[in-house]
6 protein chains.
Amino acid sequence: MNDTLKVFSSGSNTALAKEICDNIGIPLSQIEISRFSNDNLFVQIQESVREKDVFVVQSFTHPVSDHIMSLLLTLDALRSASARRITAVIPYYSYARSDKKDAPRISIAGRLVADLLKTAGADRVLTMDLHADSVHGFFSLPVDHLTAVPTICDYFAGSLDLSRAVVVATDAGGAKRAGKFAERLKISMAIIDKRRISDSDVKQGLVVGNVEGKNVIVFDDEISTGSTLVATIQTLERAGVRKIYVGATHPVLCGNAVKNLKTSPITEIVVSNTVHIPKEKQFPKLKVLSMGSLFSQAILRIHTGESVSALFQ
Amino acid sequence: MNDTLKVFSSGSNTALAKEICDNIGIPLSQIEISRFSNDNLFVQIQESVREKDVFVVQSFTHPVSDHIMSLLLTLDALRSASARRITAVIPYYSYARSDKKDAPRISIAGRLVADLLKTAGADRVLTMDLHADSVHGFFSLPVDHLTAVPTICDYFAGSLDLSRAVVVATDAGGAKRAGKFAERLKISMAIIDKRRISDSDVKQGLVVGNVEGKNVIVFDDEISTGSTLVATIQTLERAGVRKIYVGATHPVLCGNAVKNLKTSPITEIVVSNTVHIPKEKQFPKLKVLSMGSLFSQAILRIHTGESVSALFQ
Amino acid sequence: MNDTLKVFSSGSNTALAKEICDNIGIPLSQIEISRFSNDNLFVQIQESVREKDVFVVQSFTHPVSDHIMSLLLTLDALRSASARRITAVIPYYSYARSDKKDAPRISIAGRLVADLLKTAGADRVLTMDLHADSVHGFFSLPVDHLTAVPTICDYFAGSLDLSRAVVVATDAGGAKRAGKFAERLKISMAIIDKRRISDSDVKQGLVVGNVEGKNVIVFDDEISTGSTLVATIQTLERAGVRKIYVGATHPVLCGNAVKNLKTSPITEIVVSNTVHIPKEKQFPKLKVLSMGSLFSQAILRIHTGESVSALFQ
Amino acid sequence: MNDTLKVFSSGSNTALAKEICDNIGIPLSQIEISRFSNDNLFVQIQESVREKDVFVVQSFTHPVSDHIMSLLLTLDALRSASARRITAVIPYYSYARSDKKDAPRISIAGRLVADLLKTAGADRVLTMDLHADSVHGFFSLPVDHLTAVPTICDYFAGSLDLSRAVVVATDAGGAKRAGKFAERLKISMAIIDKRRISDSDVKQGLVVGNVEGKNVIVFDDEISTGSTLVATIQTLERAGVRKIYVGATHPVLCGNAVKNLKTSPITEIVVSNTVHIPKEKQFPKLKVLSMGSLFSQAILRIHTGESVSALFQ
Amino acid sequence: MNDTLKVFSSGSNTALAKEICDNIGIPLSQIEISRFSNDNLFVQIQESVREKDVFVVQSFTHPVSDHIMSLLLTLDALRSASARRITAVIPYYSYARSDKKDAPRISIAGRLVADLLKTAGADRVLTMDLHADSVHGFFSLPVDHLTAVPTICDYFAGSLDLSRAVVVATDAGGAKRAGKFAERLKISMAIIDKRRISDSDVKQGLVVGNVEGKNVIVFDDEISTGSTLVATIQTLERAGVRKIYVGATHPVLCGNAVKNLKTSPITEIVVSNTVHIPKEKQFPKLKVLSMGSLFSQAILRIHTGESVSALFQ
Amino acid sequence: MNDTLKVFSSGSNTALAKEICDNIGIPLSQIEISRFSNDNLFVQIQESVREKDVFVVQSFTHPVSDHIMSLLLTLDALRSASARRITAVIPYYSYARSDKKDAPRISIAGRLVADLLKTAGADRVLTMDLHADSVHGFFSLPVDHLTAVPTICDYFAGSLDLSRAVVVATDAGGAKRAGKFAERLKISMAIIDKRRISDSDVKQGLVVGNVEGKNVIVFDDEISTGSTLVATIQTLERAGVRKIYVGATHPVLCGNAVKNLKTSPITEIVVSNTVHIPKEKQFPKLKVLSMGSLFSQAILRIHTGESVSALFQ
């Protein structure tokens, strides 16, 4: 069965692609991605994919536009090379944050990129922890939507004394996400409310819920520059918390994120490897949990036609 | 200019369609909608729409499937009758609530219905207060998304002493919506948190924020059977509020809603007329604010090519 | 081979779906179809369909709009649940009657519904005795078009003395259909001509062909309210026929159909079970021939890639 | 208004295209259609059509494949030359006869050609007297469907004593068509029934209805080789008719048609000019009624956005 | 594996189709292609193709429009007969020559025909030596693009003394093509430059490169009327070449081609059989190399999912 | 008329966009293009475009992927903001060079990007000097294809003594392009042939044609790193040319291009401004001819519906 299964990396997270292949027990398939002198990208599939069941791993990390273009070129090359089925495996789908029209005359880019993937030849999508659940509906292709939440939960359950712990959402928009996290850990939750409480008390973060003297786990979907996180931590410290832990699926870690987090009073930051973190950006209290096993199981189940939702039951 | 503009009702909210026409100063265009003996629907446009700019008003109210099918038949009939442009005006788009995969193997019906509208011939959509903002991204057609929130705010601002008022969201999912409402009224807000707070205190609603002795305005997007609302009111009363007001865009009012709300300790319920409320379901403390003027202005601006977002600035 | 074959019922004719499954020797697959308080339909596939060859049985019977919507939701749910192939099995496709523009500015709904099925995710269609043969051309999907005519013929051939029998079409539009029926039974035919014969003799039915003293079999594609049939029988009795039999594929039987037919001078009415007839609507002289075996054979042939047209040779 | 209207001929019926232009008062637009040495067709539009409302006249007459290909090339050239709207005017759509699957594994070519026209760039279709009304539903483009029936009726009404006239359909399939013709002339009708009447009396045409001593008008949609017509006339003569007239929209007149009809006992044959009849194929008792005025009115109404169905009321 | 593979001929090159089948070891599948009296084409697939992997062989030779139409009808019939996959095998794709807009308001017909093939139901295309490589990009379907160049090279390598041979391109546009040919034979090349060299020396062909006393192989993609070839030969003779050989993939051989070439001073003309040459057009110095083996290998590799490009390595 | 015309720059060549606007006499429309911290691009149209005829200027220059993505986001934002028509003005379409499959399993990216533009909402494309003419056929949208060749010709005609001049193509692939240039200037041409001439004389450039003692104008479509150009000049100097001029449409000028060309023995390099050259990359012998007037005329003609091809007659 596996002889028809091929996994490629389109360049942004080859480490994860290799881990997936190791888990499945197949070699990572060969592809060449280069750049012409006029800055055009060039993609060549280096082995026959005719009638193969092909998966291409690509996270939308910096430089995002290049990574999207190289994925689109890869999909198109695979299609015209007669792959039987092409699944775009997008561990981190950055444009999921662009999911509504909160200003006039903008693009709902999460939908646009979904349409571009279809145009380029994707037959299906496999992704993880989209910023909002409804982004799933932007795709006209079948989507399998994995989550790192149970893995991160299990890590904290195995390493922390949860009897004094509380989950904290960084704002109301993240309350549902943090709530699922809290439910799984069977602990209580709190919310940082950054919205106006009264006219004289604007935009300062208030902790909703009881956190004093507790160990808190701040949970979010991604850590970008870390500035929201830093502000949250200041609010929590003012509220008298004990230790602060952070959990997040996507460690985008751009700008001064690493510098700020390294020196912050956070005890441990637990993230997944949907976004590749190069050696030089790693630091002791950053714990990276691999999604390689989960993605490889999902890919095998898609390949053999077994239920993917059963992975979470 | 207006001689090429035609407004039809596809049957579910003809009262609103007529109001829109009155505001514009044109007659409601004629259409026949009937049913064959085998329960097939039959739609006939009764006047020439060739090269006309046509708007069809249809809310997705009970019986929803019939109202969707009659809209689809109307759109198809208009297209094949050579209308120049067809805008589906859907004041209440019920399937917006079906916006994610929160269970395996279900349809994200909000997306499916958006695709059906396109298949049937709609060129654009004009709608109001979709359950989630990201549902906008389900449409591949241009959408103008109106909101009743300012109108409802203005009503409360003009009738209530807001100095002691608080806006309340019925759950965390509605916090953003209630927040916008509170911001416009420049008052504080609170949330009913129905998620688990601790293991011994499950699923009982807790009021997050200070409501004691205040007048509260519970704000939601739609009132369906009213059971969530009734539970919210009980929680608020236990929390010692003074008077309770309710604001909501879509008065679906199904099941025992009217009976329950009539006898509830709510002082006033303010809704829009996106869903038609027949005489026999109206009751004294239910205040219905007409969206006829807003829809007519949006339609005129779409027709003449002026900015619709300017309506909200 | 059969372990990848799944048959679902979308609710309108579960009895037939069960019979099909019994014939194939597989259990009917599980699906939940329910309704939210705002009258939105909700469909959930209850078992994994990933890479399965799925057939969904749904007749377009009363309430037609709900049955179409629930089929569309089922198709969409199956597609996004990664079914390998989805066949909409529509024993009775009611909108086939809406097959032309006999009035200005109407929808050719038989075509529209065909397009909606494709939008929602159907890969193929299996149906029976469409009102007009050319409705087949409305579908851009492959269609297998079964017929109940041979089964009904065989029943009459086995139960009647055909030496004195004549087939009768209820109008000129049905002449081709009745002709095929007559050819198979090797008997002669007659037509009720309801069109104007002369200026003074308008719209009264005339029997074209010799029926006096004969046993007649009136044959049509569907029986709806039965009013056409009742008028035909009166005309035939005036013409001096002996016994009257009726054959029809689709027993829609709406309005007063059952009441009228029960008490009519018809000896026997032979129909198929493309439309489910509940116990309380059955009556002694109504003979229902099951299409379960024919549909199950067609489904198996589609599943295994054998000729379906061979079923009729 | 008319300065944006252009009419082209794609070669098969330039005479009709010119007549249309004369009626509108514009010159026929210039196009070059030629053939490369490898038998590829070459089409060049000879004048700017940018933002113009363009109509291309092409009947699907012998050689049909060349005429379809040259129309497709013309449509594509017009689209890429930025015509604002392109209407394929197809007075005779030959593939309408291919409207069902009366044998396994054939193409419903009437649908296929409709799809090809859309692919090549047609925005709308204007046609006349399609073989079956439901062929209209094969098009996903808006279609205006004209008819020559009233014009042919009016001709007979003005030239014949209708008091002793009967309309005859050549077979049951044409009964509806002949019926409309009879209704308009307010005379009675008859049918030639070529289906088996009894086992000993197979396939011989029988006249259904009273024609003895009458003047008959045989009405059909097209005259191809004329062999059906010749057989019909023999049957009618045996039945003792007086004079025989023939009416038909499309004078395809292929094979020995002209030779057979010239010498037949028909008094007069009345056809339209949807199919161009060159001088050498014309003969005294063939009366050709021009559709130039009707098509020009329809084109003007499409161009200016007036009702086309009003032409027939 | 091969029991699901079927090869049909759509009529223009049945000889090649048969050869392909012989090479594979399967019979040519049965199809009926005929013509109605109104010149409509009629195609019927004569055996079940349900779930089969079907290849249809059709070269676009005279009469091109008929051959394209019959291919389109065949594709549509196969699709609606539920073929699993349909590959259009087009050994000679004549419209590849129509690949750019070298005049205003023309169709890029190479693209249009590619789109028509998709509309009619082709899933893939297998073709040979397209006039320009970029025509490949006109197809949105996967294309396998074979070449006869190695076979023709090998023939010359096996029959000629190449030590004194030069390859000649008939114009600059063919230089790349001839260059590949020369590279494979490891001999030098020359070009006939028909462009203006100076104002007084217009349009006369000049030989660029050294050909005096050499044996030349003129190489082009197709031979149509042969007039370009005749002019090239005159130029080469004036330049003092020894013997002249000609190689070309597609022997269109229309107009006076056979007559002109027979009597020309060419020693041998080597072509493939992508275009069928009937007996009466063959002549002694015309050598036809069969592509039957190459096409059969490509078809088998497509069928079994092996690399097609490996055929050329 | 012009009040409905809007021109935007998507960021890569705002200078040209401004020039276009100055020529038309309208202000450049306002747009905001920025970047989120996770490297997602953000585009907001800053003024109403409802029912406007919108042109977006964007060259595909370094960084190409970002410039393509920002164009796609702009197109999508314009579409959903209800622009009446959207034309992508792409003065330099870099991916035109990716126009064929000269290696297995690559993307024909020129086609892919054309499809992406359509998916994102472009209605038409306006571009200049595509690398190959047949790339035009990759677009399913109407394309207006401008050329800088006449402008560059006119410049040389006005500044050089052409009596001793020769046009040189850098390789056989550019021969057609250089030929058109030579024809317009009415001078002769030569070609650098880099293909193998004999086995011992590989890959060295040879000058085909007479250039000794002449002034040469090397003409190509784009100058990228300039390395081909430098090699060509060396070959020409060896061949004894007098002065060397260079003409090219697209001054991509990447890598060491500026450094190499500044110090080369070229007398003058004439390019257009389809690619923006910042001050620091300009140098004395680089002459930039503005295409602002030509693009503005084309845009006005597209806007008002006049012939664009007439610009070149």
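These legends walk through several close-up views of a predicted model.

Local features are described only at pLDDT of at least 70 and side-chain atom pairs only at pLDDT 80 or more, while totals for chains, interfaces and linings use all residues, and side-chain values rest on heavy atoms, with hydrogens and water left out. Residues are numbered from 1 along each chain as its sequence is written, with chains lettered from A and ligands numbered from 1 in the order in which they are written.

**View 1. The interface of chain A with chain F.** Here 48 residues of chain A are in contact with 48 residues of chain F, contact being heavy atoms within 4.5 Å. The two chains bury about 3,700 Å² between them, with 58% of it on carbon and sulfur atoms; buried area is the accessible area (1.4 Å probe) that two parts lose on being put together, summed over both. Look in chain A for Asn38(A), Met69(A) and Arg105(A), which lose the most area to chain F and together make up 18% of what that side buries. Between these chains there are zero salt bridges, where a salt bridge is a side-chain nitrogen of Lys or Arg within 4 Å of a carboxyl oxygen of Asp or Glu. Polar contacts, on the other hand, join 24 residue pairs, both residues at pLDDT 80 or more. A polar contact is a pair of N or O atoms within 3.5 Å; within protein, one must be able to donate a hydrogen and the other to accept it, and residues adjacent in sequence count only if both atoms are side-chain atoms. Strand 3 (41-45), helix 2 and helix 3 (109-120) of chain A each supply at least two residues of the side that touches chain F. Helices (H or I, at least four residues) and strands (E, at least two) are DSSP runs, numbered from the N terminus. Helix 2 of chain A gives the largest share of that side, ten residues. By class, the side of chain A that touches chain F divides into 25 nonpolar, 14 polar and nine charged residues. Ala, Val, Leu, Ile, Met, Phe, Trp, Tyr, Cys and Pro count as nonpolar, Asp, Glu, Lys and Arg as charged, and the others, Gly among them, as polar.

**View 2. Helix 2 of chain A against helix 2 of chain F.** Two packed helices are described by the angle between their axes and the distance between the axes. In this pair, helix 2 (residues 64-80) of chain A and helix 2 (residues 64-80) of chain F pack at an angle of about 85°, with their axes 8 Å apart. Axes are lines fitted to C-alpha atoms, for helices over the stretch in contact, and angles run from 0 to 180 degrees between N-to-C directions. The two helices are therefore roughly perpendicular to each other, a label for angles of 65 to 115 degrees. Ser65(A), Asp66(A), Ile68(A) and Met69(A) meet Ser65(F), Asp66(F), Ile68(F) and Met69(F).

**View 3. The interface of chain E with chain A.** Ten residues of chain E touch seven residues of chain A, and the area buried between the chains is about 600 Å², of which carbon and sulfur atoms give 40%. Two salt bridges cross this interface. One to look for joins the side chains of Asp144(E) and Arg50(A), at 2.5 Å from N to O. The side of chain E that touches chain A has three nonpolar, two polar and five charged residues.

**View 4. A salt bridge from chain B to chain F.** The structure holds 90 salt bridges over all chains. In this view, the side chains of Arg85(B) and Glu51(F) meet at 2.8 Å, N to O. Arg85(B) lies in strand 5 (residues 85-90) of chain B and Glu51(F) in the loop between strand 3 (41-45) and strand 4 (53-57) of chain F, so the pair joins two chains.

**View 5. The surroundings of Phe42(C).** Phe42(C) sits in strand 3 (residues 41-45) of chain C. Leaving aside neighbours within four places in sequence, Phe42(C) is in contact with Ile106(B), Glu32(C), Ile33(C), Ser34(C) and Phe36(C).

View 6. Most residues other than glycine have a negative phi, and most peptide bonds are trans. A cis peptide bond joins His62(D) and Pro63(D), with omega about -5°, and Pro63(D) is found in the loop between strand 4 (53-57) and helix 2 (64-80) of chain D. In chain E, a cis peptide bond joins His62(E) and Pro63(E), with omega about -5°. Glu51(D), in the loop between strand 3 (41-45) and strand 4 of chain D, has a positive phi near 60°.

Key
Angles under 35 degrees count as roughly parallel, over 145 as roughly antiparallel, 65 to 115 as roughly perpendicular and the rest as oblique.
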